[in-house]
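Hello,

Here is the structure we talked about. Please open it first, then read my notes below.

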Amino acid sequence: MKSYRIMATALRALRRNIMRAALTTLGIVIGVAAVIAMMEIGRGSSLAIQRTIATMGANNVLIFPGNAAAAGVSFGAGSILTLTPSDAEAIVADCPSVAAAAPIVRARTQLVYGNRNWVPNTINGTTPSYLDVRDWKASEGVAFTDHDVRNASKVCMVGQTIVRELFNGESPVGREVRLQNVTFKIVGVLAGKGANMMGQDQDDIVIAPWTTLKYRVTGSSATTAANQGTTVVASSSLPSQVYPNAQLSLYSTPSSVQQADTPAPVRFANIDQIVVAARSAELIAPAMDEITSLLRERHHLKPDAPEDFIIRDLTEITKTMSSTSELMTKLLLIVAMISLVVGGVGIMNIMLVSVTERTREIGLRMAVGAQASDILRQFLAEAVVLCLIGGSVGILLGRATSLIVSLTLHWPTATSLGAIIAAVAVSAGVGVIFGYYPAWKASRLDPIEALRYE
């Protein structure tokens with residue numbers, strides 16, 4: 001009952017001068033509104049930055065062939081040809097932390113259209129999963145399919161730079177280009193990505209089915225690989241893994257005598273790289289552990305044997321993403337907290353003025369039996385009520401501000417429940433901190449001197 005009477009007395013005191021109370025809370029309203037609006041705008045910007053950097057491969061893991069050596073001589077990175085497309089399929093199937101994976105066969109050659117030619121920065125033979133790994137969409141046309149990969153179809157997709165350099169910005173869908181005198185039909189155009197973190201043009205790219213690029217363009221085989229001085233290790237000799245269309249047998253199986261008389265070149269289904277997308281940036285490390293364990297098992301490596309593959313993650317991009325988001329959020333929070341401090345100083349100033357104006361009232365209350373603690377609690381309650389009212393109005397104003405910014409300026413915003421809870425807690429804290437001194441000063445007044453005050 002005593003607390004109830006103190007709160008009622010504090011509310012009656014505030015109602016006596018509503019305009020002054022409203023102006024006092026204005027600083028808190030502005031401060032809390034600034035906290036809410038800036039936190040929501042900052043959180044939305046951070047999410048937008050994370051999505052942008054994710055398109056550059058922040059959650060990607062790269063798997064390369066290992067380094068072969070013989071008699072103390074190293075053949076260089078990528079000389080152990082044990083990575084296969086089936087490894088990429090197994091990674092997706094057996095690694096819970098992996099969202100998608102795509103095999104890659106690289107090439108470097110001239111792209112020709114009519115009387116124009118261009119050497120793309122990147123020519124990748126891959127599968128449709130590559131678009132999921134890189135979070136890439138087709139701005140025009142469609143992507144090639146798994147059926148095109150199985151049939152080694154001569155189709156491809158091109159980036160925006162290719163469209164600009166070879167087609168003068170006109171739609172290339174349905175037109176034909178040549179790679180190593182092999183004609184490819186363009187079925188889709190990739191959406192623009194711009195430069196990556198290293199300054200390389202991501203739009204200067206051609207992607208096609210890896211089977212087409214490997215068996216029709218680069219002409220990789222056991223013979224050419226041996227001539228290059230590399231170590232070829234076949235991970236499997238099953239026809240279904242060596243030849244994508246082995247299940248579609250059109251001819252009778254030759255006898256052993258016929259095979260001896262007419263040997264066919266063996267085409268190993270090795271690839272140059274596997275690119276993997278983890279389900280999130282936080283799952284990159286678990287994904288790498290799962291991939292390492294799986295590939296060691298699939299490649300039949302002994303426990304003490306070195307790995308015949310290399311796994312790399314893009315930690316620098318992830319660190320940049322995290323540090324940028326944290327820095328932006330902290331800066332916005334500091335600016336908003338300054339507004340709250342200014343509002344708290346305003347409340348302290350008004351409460352000190354109120355103590356001076358109500359000195360006789362304080363003396364009268366103490367003369368009829370009120371204790372110093374009662375006076376302290378009354379003025380403290382007035383300060384806290386002012387801050388809570390200002391905090392409530394500030395929350396509504398901050399939410400409205402973030403919505404207006406999102407609708408008019410089209411800036412990304414995201415609702416932050418934590419910021420709302422923090423704003424209420426901070427506003428109450430400001431009332432206690434900045435209202436304590438005026439309340440303490442009021443409680444220390446001498447009743448006799450207070451009654452004599454004019």
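This is a predicted model: local features need pLDDT of at least 70, side-chain atom pairs count only at pLDDT 80 or more; totals for chains, interfaces and linings use all residues.

**Aromatic pairs and a charge over a ring**

One more ring is worth a look. The charged end of K193 sits over the ring of W136. The distance to the ring centre is 5.2 Å.

**Salt bridges**

How many salt bridges does the structure hold? There are four. Here are notes on some of them.

Start with E40 and R399. Their side chains meet in a salt bridge, at 2.7 Å from N to O. This pair links distant parts of the chain. E40 is in helix α2, while R399 is in helix α14, residues 372-408. They are 359 residues apart. Is E40 buried or exposed? E40 counts as buried, because its relative accessibility is 1% and the cut-off for buried is under 20%. R399 is at 24%, so R399 counts as partly exposed.

Next, find D87 and R298. They form a salt bridge too, and the closest N and O atoms are 2.6 Å apart. D87 lies in helix α3 and R298 in helix α11, so this bridge ties together parts that are 211 residues apart in sequence. D87 has 1% relative accessibility, so D87 counts as buried. R298 has a relative accessible area of 31% and is partly exposed.

Then look at R164 and E165. The closest N and O atoms of this salt bridge are 3.8 Å apart. R164 counts as partly exposed at 47% relative accessibility. E165 counts as partly exposed at 31%.

**Around helix α3**

D87 comes up again here. Helix α3 covers residues 85-94. Its buried residues are P85, S86, D87, A88, A90 and I91. What covers them? The cover includes the strands β1 (60-65), β4 (98-107) and β13 (273-278). It also includes the helices α7 (210-218) and α11 (284-298).

**A nonpolar patch**

M19, L23, L26 and I30 make a nonpolar patch of about 420 Å². One of them, L26, lies in helix α2, which runs over residues 18-55. L26 is partly exposed, because its relative accessible area is 42%. Why might residues spaced along a helix point the same way? An α-helix has 3.6 residues a turn, so residues three or four places apart point the same way.

Best wishes

Terms used
Residues are numbered from 1 along each chain as its sequence is written. Side-chain values use heavy atoms; hydrogens and water are left out. Patches are made of residues with over 30% relative accessible area and no salt bridge: like charges are joined within 9 Å, nonpolar side chains (Val, Leu, Ile, Met, Phe, Trp, Tyr) within 5 Å. Accessible areas come from the Shrake-Rupley method with a 1.4 Å probe; for residues, only the protein chains shown count as cover. Helices (H or I, at least four residues) and strands (E, at least two) are DSSP runs, numbered from the N terminus. Buried means under 20% relative accessible area, exposed over 50%, partly exposed in between (1.4 Å probe, protein chains only). A charge sits over a ring if NZ of Lys or CZ of Arg is within 6 Å of the ring centre and within 35 degrees of the ring normal. Contact means heavy atoms within 4.5 Å.
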